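The following paragraphs go through one chain, from its overall contacts down to individual side-chain pairs. Cut-offs are given where a term comes up.

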Amino acid sequence: MKDFTLTVEQVQRFDEDGYLIIENFLPESQCELLKQKIKDVIDQHLDLKTHPRTLFTTYQANKAEPDTHMMTDYFLNSGDGINFFFEEGAFCKETEELACSKYEAINKIGHASILTFRSLRK
């Protein structure tokens, strides 16, 4: 990883959007390793037949209503395992099957999944 300092504009962008894209933060080879590791984690730990279809979103259309996914037992108790959260629209409403590949359907993998990445640390 490179040493760097965020610019004022980057900090403002993060404050506004909640995320920041930093071009070339990691070399492409490291990104490819991470992408493959994520696919491996999904393949090894995601059983679509038994896994809860919990969605994860940071968007709330109505700010006055509670953020329901953050109140589910699955979310609240996800700190000690590898847990998957899906994108909105990941499942077809008519068939309840995935509307895209399982790799594209995942929005977030929490929290203990980081333990599987220690071998990639340099």
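## Contacts, elements and surface

Of the contacts in the chain with a separation of 6 or more, 59% are between residues 24 or more positions apart; contact means heavy atoms within 4.5 Å. The model is predicted: local features need pLDDT of at least 70, side-chain atom pairs count only at pLDDT 80 or more, and totals for chains, interfaces and linings use all residues. Residues are numbered from 1 along each chain as its sequence is written, and side-chain values use heavy atoms, with hydrogens and water left out.

The chain has four helices and two strands, and from the N terminus on they follow the order α-α-α-β-α-β. Both kinds of element are DSSP runs numbered from the N terminus: helices are H or I with at least four residues, strands are E with at least two.

Of the 122 residues, 21% count as buried. Buried means under 20% relative accessible area, exposed means over 50%, and partly exposed lies in between, with a 1.4 Å probe and protein chains only. The accessible surface of the chain comes to about 9400 Å², and carbon and sulfur atoms hold 52% of that surface. Accessible areas come from the Shrake-Rupley method with a 1.4 Å probe; for residues, only the protein chains shown count as cover.

On that surface, F4, L6, V11 and I22 form a nonpolar patch with about 300 Å² of accessible area together. Patches are made of residues with over 30% relative accessible area and no salt bridge; like charges are joined within 9 Å, and nonpolar side chains (Val, Leu, Ile, Met, Phe, Trp, Tyr) within 5 Å. The phi angle of N24 is near 60 degrees, a positive value in a residue other than glycine, and N24 is exposed at 59% relative accessibility.

Strand β1 (residues 82-86) contains F84, which is buried with 0% relative accessibility. F84 and P52 are 32 residues apart in sequence, while their C-alpha atoms are 8.4 Å apart in space.

How many aromatic pairs does the rule for rings give? The rule takes rings of Phe, Tyr and Trp (its six-membered ring) with centres within 6.5 Å; planes under 30 degrees apart count as stacked, over 60 as edge-to-face and the rest as tilted. The count comes to one aromatic pair. The ring centres of F86 and F91 are 4.9 Å apart and their planes are at 65 degrees, so the pair is edge-to-face. F86 is buried, with a relative accessible area of 1%, and F91 is also buried, at 16%.

The loop between β1 and α4 holds E96. Phi of E96 is near 65 degrees, again a positive value in a residue other than glycine, and E96 is exposed at 52% relative accessible area.

Charged side chains come next. Side chains of opposite charge can pair when their charged atoms come close. The whole structure has three salt bridges, each defined by a side-chain nitrogen of Lys or Arg within 4 Å of a carboxyl oxygen of Asp or Glu.

In one of them, D17 pairs with R13, with the closest N and O atoms 2.5 Å apart. D17 and R13 are four residues apart in helix α1, so about one helical turn separates them. Both ends are partly exposed, D17 at 33% relative accessibility and R13 at 49%.

Another salt bridge joins E32 and K35, at 3.1 Å from N to O. E32 and K35 are three residues apart in helix α2, about one turn of the helix. E32 is partly exposed at 40% relative accessible area, as is K35 at 47%.

D43 forms a salt bridge with K102, and the closest N and O atoms are 2.9 Å apart. This pair links distant parts of the chain: D43 is in helix α2 and K102 in helix α4 (residues 102-105), 59 residues apart. D43 is partly exposed at 40% relative accessibility, and K102 is partly exposed at 25%.

A charge also sits over a ring: K39 lies over the face of Y103, at 5.2 Å from the ring centre. The rule requires NZ of Lys or CZ of Arg within 6 Å of the ring centre and within 35 degrees of the ring normal.
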